[in-house]
Amino acid sequence: MTVILRPARSTDAGATGTILHGFAKENDWMPELHSCAETIAFCGKMIDLNWVTVAETDAGVVGFLALNGAEIHSLYLTETARGQGIGRQFLDHAKSQHAQLSLFAFQANEAACRFYLRHGFGEVARGDGTDNDENLPDIKYAWNSKGLNDG
């Protein structure tokens, strides 16, 4: 499978929003706070801010990375695109642009937590959920090019 990473276009809002909204529907621990239309609009705003890179295959857009400066705001893939190395490609892309990165992952998202640890991120803090819209406990991860995981 050939994967192309490219800057998102406004016409990618539907695909990225559907991927993000689908994640909430796939995971019973994740509250569904917004409609699909609201999630598409949110992704459109991130695209307008030039935060978003998409992964495209012959099947279309299969994932996206939203990078706000050195903070990974979002990294989501369709269910069928997971485990194909696309997430690693997104991280390599982000690492090539920044000497350090940080992100938050929900503690309940064990697969994501394992993924970030495997790719050189270290845990720097835990939250009880009061600082996120979902009210879910989260973990802050950090990476830097020197191999130190301090946030």
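Me: Is F106 buried or exposed in this model?
Reply: Bear in mind that the model is predicted. Buried means under 20% relative accessible area. F106 has 14%, so this residue is buried.

Me: And how does W29 come out, buried, exposed or partly exposed?
Reply: W29 sits at 22% relative accessibility, so W29 counts as partly exposed.

Me: How many aromatic pairs does the whole structure have?
Reply: A search of the whole structure turns up 7. One of the pairs joins W29 and F106.

Me: How do I read the geometry of a pair like that?
Reply: You describe a pair of aromatic rings by how far apart the centres are and by the angle of the planes. For W29 and F106, the centres are 6.1 Å apart and the planes are at 65 degrees; planes over 60 degrees apart count as edge-to-face, so this pair is edge-to-face.

Me: Which parts of the chain does the pair tie together?
Reply: W29 is in the loop between α1 (13-26) and α2 (36-48), while F106 belongs to strand β5 (residues 100-106), so the pair ties together parts 77 residues apart in sequence. Both rings also belong to a cluster: ring pairs link F23, W29, F64, Y76 and F106.

Me: Let's turn to the second largest pocket. What lines it?
Reply: There are 13 lining residues, and N50, W51, V52, T53 and L67 lie nearest the pocket's centre. Elements giving two or more residues to the lining are β2 (52-57), β3 (60-68) and α3 (86-97). The space in this pocket is about 180 Å³.

Me: What is the lining like by class?
Reply: You'll find 7 nonpolar and 6 polar residues there, with no charged ones.

Key: Residues are numbered from 1 along each chain as its sequence is written. This is a predicted model: local features need pLDDT of at least 70, side-chain atom pairs count only at pLDDT 80 or more; totals for chains, interfaces and linings use all residues. Side-chain values use heavy atoms; hydrogens and water are left out. Rings of Phe, Tyr and Trp (its six-membered ring) pair if their centres lie within 6.5 Å; planes under 30 degrees apart count as stacked, over 60 as edge-to-face and the rest as tilted. Helices (H or I, at least four residues) and strands (E, at least two) are DSSP runs, numbered from the N terminus. Buried means under 20% relative accessible area, exposed over 50%, partly exposed in between (1.4 Å probe, protein chains only). On a 1 Å grid over the protein atoms alone, a cavity is a set of points where a 1.4 Å probe fits but cannot get out, and a pocket is an open set with protein on both sides within 12 Å along at least five of seven lines; lining residues have an atom within 4 Å of a point. Grid points are joined across faces, edges and corners, and a volume is the space filled by probe spheres set on the points. Ala, Val, Leu, Ile, Met, Phe, Trp, Tyr, Cys and Pro count as nonpolar, Asp, Glu, Lys and Arg as charged, and the others, Gly among them, as polar.
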